[in-house]
Amino acid sequence: IEGGNDIGFFGPGSAPWAVHGGMATMVAGIRALLMQTLHPGAMAGVHDWSRYKEDPLGRLAGTIQWLITITFAGTELARAESARVSGFHERVNGTYVDAQGVERPYSAGDPELLYWVHVVFTDAFLGCHETWGAPIPGGADRYVSDWAIAGELVGVVNPPRSENELRAAMHQFNADGILKHDERVEETIAFLRRPPLRRSMIPFYRVLFAGAVASIPEEYRRVLGLKRPWWPAVTCTRVILGLLRLLLGPSSTSEDAARIRIARLKAD
């Protein structure tokens with residue numbers, strides 16, 4: 001990330017830097033994975049091709065690598081990382097049974113699946129930052145509009161450009177009867193609820209998982225079959241994130257590396 005010959009797609013003071021550099025990303029990742037399961041085509045791709053059970057931290061690391069590269073790297077590296085992800089998508093294909101019981105083919109590069117993954121990812125990071133983060137430069141609309149670039153880099157066609165468009169796009173999937181709760185969703189939720197983490201990490205993770213569930217709008221919690229925790233999960237998550245911020249410092253190593261690159265460019 002320190003390399004490169006330009007500021008990147010965003011830069012200091014941008015909405016993506018604020019959102020993806022915040023501690024709420026730890027909860028947003030959980031929320032995004034929960035939401036992704038609701039599209040049976042996306043769920044089939046995870047079930048058939050993902051190594052999340054054998055190597056959950058490895059899969060998470062791959063997703064984080066893409067996120068921080070698009071956010072903080074120069075445009076050349078960001079495009080290369082997007083091409084890597086798109087190349088992997090070319091191998092992911094199969095069939096799934098939709099919410100009406102019809103068997104359909106799928107591929108990870110299918111426009112509908114790409115669109116769904118993009119909107120739930122954007123929604124998760126926006127929603128969690130609005131719940132636990134600082135104000136977003138330019139507001140929610142700026143974040144959605146800026147992050148549309150990331151979607152386009154991996155092939156998303158006409159991604160949402162405002163918060164209202166984002167919410168409407170997600171609701172339409174549910175209104176059209178596309179989202180589905182089945183045994184694969186149950187299986188993934190069970191795994192995300194109790195992943196194979198070190199014993200010392202489990203109490204903290206359980207709070208973050210509960211916070212992720214609490215942050216999901218009721219419309220989608222119903223489809224997931226999850227209830228909002230009876231205890232103050234949002235407040236407890238805020239405490240955990242605050243402690244992590246004290247331990248890890250005010251900025252990420254990726255953001256620091258990007259600032260070094262930008263300072264070098266300004267000095268040249």
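Two residues are in contact when they have heavy atoms within 4.5 Å of each other. This tour applies that term to a predicted model, in which local features need pLDDT of at least 70 and side-chain atom pairs count only at pLDDT 80 or more, while totals for chains, interfaces and linings use all residues. Residues are numbered from 1 along each chain as its sequence is written, and side-chain values use heavy atoms, with hydrogens and water left out.

**Stop 1: Lys180**

Select Lys180, in the loop between H8 and H9. Helices here are DSSP runs (H or I, at least four residues; strands are E, at least two), numbered from the N terminus. Leaving aside neighbours within four places in sequence, Lys180 is in contact with Thr37, Leu38, Pro40, Val97, Asp98, Ala99, Val185 and Val223. Is Lys180 buried or exposed? Its relative accessible area is 18%, so Lys180 is buried. The term buried means under 20% relative accessible area, exposed means over 50%, and partly exposed lies in between (1.4 Å probe, protein chains only).

Now display the side chain of Lys180, which reaches the backbone oxygen of Val97 at 2.9 Å. Such a polar contact is a pair of N or O atoms within 3.5 Å; within protein, one must be able to donate a hydrogen and the other to accept it, and residues adjacent in sequence count only if both atoms are side-chain atoms.

**Stop 2: helix H9**

Proceed to helix H9, residues 183-193. Which residues of H9 are buried? They are Val185, Thr188, Ile189, Phe191 and Leu192. Viewed down the axis of H9, these buried residues fall within an arc of 160°, so they line one face of the helix. The arc is taken from the directions that run from the helix axis to the C-beta atoms. In general, an α-helix has 3.6 residues a turn, so residues three or four places apart point the same way.

Next select Arg184, which belongs to helix H9. Arg184 is partly exposed, with a relative accessible area of 24%. Not counting residues up to four places away in sequence, Arg184 touches Met43, Ala44, His47 and Asp48. For a distance across the model, select Glu90 as well: the C-alpha atoms of Arg184 and Glu90 are separated by 23 Å, and the two residues are 94 apart along the chain.

**Stop 3: Pro195**

Move to Pro195, in the loop between H9 and helix H10 (202-215). Its relative accessibility is 15%, and Pro195 therefore counts as buried. Arg206 is eleven residues from Pro195 in sequence, and their C-alpha atoms are 9.8 Å apart.

**Stop 4: the loop between H7 and H8**

Select the loop between helix H7 (139-153) and helix H8 (163-175), where Val156 is found. Val156 is buried, at 6% relative accessible area. Its contacts, leaving aside neighbours within four places in sequence, are Leu114, Tyr115, His118 and Gly151.

Asn158 has its place in the loop between H7 and H8. At 59% relative accessibility, Asn158 counts as exposed. The phi of Asn158 is positive, about 50°, although Asn158 is not a glycine. Most residues other than glycine have a negative phi.

Ser162 also lies in the loop between H7 and H8. Its relative accessibility of 16% counts as buried. A polar atom of the Ser162 side chain lies 3.2 Å from the backbone nitrogen of Glu165. Beyond neighbours within four places in sequence, Ser162 is in contact with Asp141 and Val144.

**Stop 5: helices H2 and H6**

Finally, select helix H2 (residues 25-36) and helix H6 (residues 111-132), whose axes come within 8 Å and cross at roughly 145°. Axes are lines fitted to C-alpha atoms, for helices over the stretch in contact, and angles run from 0 to 180 degrees between N-to-C directions. Residues making this contact include Thr25, Val27 and Ala28 of H2, and Trp116, Val117 and Val120 of H6. How do the residues of the contact of H2 with H6 divide? They comprise twelve nonpolar, four polar and two charged residues. Here Ala, Val, Leu, Ile, Met, Phe, Trp, Tyr, Cys and Pro count as nonpolar, Asp, Glu, Lys and Arg as charged, and the others, Gly among them, as polar.
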